[in-house]
Amino acid sequence: MTGQAFFVLTALASGPRHGYGIVREVAELSQGRAQLKIGSLYGVLDRLTADGLIEPDREEARDGRLRRYFRLTQDGRRALAEEAELRAATARVVRTRLGLTGAEAAG
Amino acid sequence: MSGGLDLEQRYRRVLRLLPGYYRDTWEEDMVAAFLDSWMTGDPDEDSVTMEFDRPSRQEVVSVIGLAARLYLGGAGAPRRYFAWGQAVRGAVLAVLLVHAAAGLDGLVSVFLGSHRIVPAPPATIVTASPGGVWPPTVWYVAGYVWIVIYVALVLGHYRAARVAAVLAIIPALAWLLLGQLTGSLQSPFGSWAFWFLIDLAPILAMAAFHRDAPPAARRPWLLALPAYYLLVSVPVLAAEVTGHRDWVPDTPGLCCILVAVLCLAHVPRVWSGRAGTTGVWSLTLVLLAAVAGVYRIISLGDYLRDPHLIYYLQGPHLIDVGLAELLILAAAAALVAPDAARAQTAMPAPPPRPQLG
């Protein structure tokens with residue numbers, strides 16, 4: 001799973017969001033390090049939809065423009081949980097190899 | 001002045017780069033998300049933004065990247081775009097195969113020469129590499145890198161192939177830029193055109209090797225490298241070192257002949273009526289014929305501008321021979337072109353996307 005896909009799935013983990021809502025959430029989750037451009041975002045959304053990991057939730061019109069909301073599917077939730085576990089395990093190994101304790105890592 | 005377009009219209013113009021089927025599904029959503037990212041809620045500020053701002057370069061690049069992935073489709077793409085994706089991937093591998101075989105040729109020649117198994121290659125071959133900026137070793141190494149690029153691409157290491165590809169074209173680019181600045185390029189148009197066509201274009205077209213692209217058939221493409229070397233490079237080198245240089249077509253002519261032979265070899269399959277199964281290969285061959293044809297035309301233009309080259313390479317009949325090669329190539333490509341046109345609709349459905357592990 002690419003970093004972008006991981007962030008997008010994470011952004012949707014707390015509930016359905018529309019395109020710009022996902023961009024904003026990803027920027028916040030990554031502390032500004034991941035700035036998704038719209039072309040990249042829709043490439044990721046298209047792929048995740050085709051993979052069955054997300055699906056359209058609803059459409060809302062605001063300021064005369066239609067916004068499509070997306071939500072995680074059960075498969076998406078499972079894939080995200082597995083990926084998060086994998087990344088956490090990797091992070092634990094890195095901490096161990098660097099000789100960092102939990103407090104040092106947090107500090 | 002804003003030129004009569006507002007920010008939304010400017011962004012919609014950028015989105016026209018995307019295929020129609022994709023725009024039908026996503027355009028309104030993309031426009032809404034894009035404008036949301038610009039609007040502040042302050043009517044005055046938003047009005048100025050709408051009138052004077054334009055999509056950032058990174059935004060445009062992200063749309064170009066998306067367009068490249070969609071037009072050169074992989075698993076799950078509509079048949080037409082999947083056919084184009086497969087054809088471009090095949091053409092890129094074929095061009096890289098020629099580069100890799102040239103690298104292999106250099107590698108074997110240096111090895112045999114250093115062990116005195118064969119005499120050193122004639123001076124005419126050695127001096128064919130442009131010099132002046134880099135020592136010969138750099139050109140040899142750049143040649144070997146094409147082998148790495150080719151093998152990496154066949155094995156599915158796309159990122160490594162891209163990094164190596166950038167390294168491989170830098171020496172020639174530096175040589176061209178320096179030649180341009182100092183006015184030492186004998187044929188500026190031809191030199192740049194060759195570089196764009198043979199080096200840069202296939203590397204840009206490597207964009208077709210994206211995450212959704214089906215992997216290349218490893219075994220046949222890996223075997224193609226030694227096969228090409230033995231069947232093409234070795235006879236050419238043998239003719240050159242035995243003093244029969246004029247028996248061998250120049251490189252553009254050789255490319256025309258090889259593509260023409262491939263087209264003719266493919267014709268029986270096309271005519272056997274297996275519609276839909278041959279089309280992608282036909283489309284690949286038409287793309288390769290276009291590349292070889294342009295390569296031939298640019299080189300003939302060079303020869304006409306610098307008649308000395310004609311005698312240096314092959315003698316006074318080179319122009320006539322070159323035109324004959326072009327004609328043969330065009331005729332052979334015309335035999336498979338109708339099948340290539342049908343490929344966009346008649347080919348089997350693309351495979352489903354691989355599931356995430």
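Predicted model: local features only at pLDDT ≥ 70, side-chain atom pairs only at ≥ 80, totals over all residues.
View 1. Chain A holds five helices and three strands. Along the sequence they follow the pattern α-β-α-α-β-β-α-α. The C-alpha atoms of chain A fill a box of roughly 55 × 25 × 20 Å, taken along the principal axes. Chain A has 107 residues, and 33% of them are buried. Among contacts in chain A with a separation of 6 or more, 40% join residues 24 or more positions apart.

**View 2. Glu28(A) sits in helix α2 of chain A.** This helix covers residues 19-29. Glu28(A) has 11 other C-beta atoms within 10 Å. The limit for an exposed residue is 12 or fewer, so Glu28(A) counts as exposed. Ala11(A) lies 17 residues from Glu28(A) in sequence. In space, the C-alpha atoms of Glu28(A) and Ala11(A) are 9.3 Å apart.

**View 3. Chain B is built from helices, with zero strands.** The secondary structure of chain B comes to 14 helices. Chain B has 357 residues, of which 34% count as buried. Of the contacts in chain B with a separation of 6 or more, 77% come from residues 24 or more positions apart.

**View 4. Chain B is assigned three domains.** Domain 1 takes two segments, 1-42 and 57-71. Domain 2 spans 80-244, and domain 3 spans 249-348. Where domains 1 and 2 of chain B touch, the contact takes five residues from domain 1 and four residues from domain 2. The domain 1 side of this contact has four nonpolar residues, one charged residue and no polar ones.

**View 5. Chain B meets chain A.** The contact takes 19 residues from chain B and 18 residues from chain A. On the side of chain B, the elements giving two or more residues are α2 (20-36) and α4 (57-71). Helix α2(B) gives the most, with eight residues. By class, the chain B side has eight nonpolar, five polar and six charged residues.

**View 6. The largest nonpolar core draws on both chains.** This core has 108 residues. Those that touch the most other members include Val8(A) and Leu41(A) from chain A, and Leu96(B) and Ile149(B) from chain B. Helix α5 of chain B, residues 79-114, supplies the largest share of the core, 16 residues. Leaving aside residues up to four places away in sequence, Leu96(B) touches Trp146(B), Ile149(B), Tyr150(B), Leu153(B) and Pro202(B).

**View 7. Helix α11 of chain B bends.** The helix covers residues 251-271, which is 21 residues. From its first C-alpha to its last, α11(B) reaches 31 Å, close to the expected 30 Å. The bend is about 25°, at Ala265(B). A proline, Pro268(B), follows within four residues. Buried residues in α11(B) include Pro252(B), Gly253(B), Cys255(B), Cys256(B) and Val259(B). Val259(B) is also one of the core residues that touch the most other members.

**View 8. Ala227(B) sits in helix α10 of chain B.** Helix α10 covers residues 218-241. Ala227(B) has 13 other C-beta atoms within 10 Å. An exposed residue has 12 or fewer and a buried one 20 or more, so Ala227(B) is partly exposed. Along the chain, Ala101(B) is 126 residues from Ala227(B). Their C-alpha atoms are separated by 9.4 Å.

Methods:
Residues numbered from 1 in each chain as written. Chains lettered and ligands numbered in written order. Contact = placed C-beta atoms within 7 Å. Nonpolar A, V, L, I, M, F, W, Y, C, P; charged D, E, K, R; others polar. Core = buried A, V, L, I, M, F, W, Y, C linked by C-beta atoms within 7 Å. Expected span 1.5 Å × (residues − 1). Bend = angle between axes of the 7 residues up to and from the residue. Domains from an automatic or database assignment.
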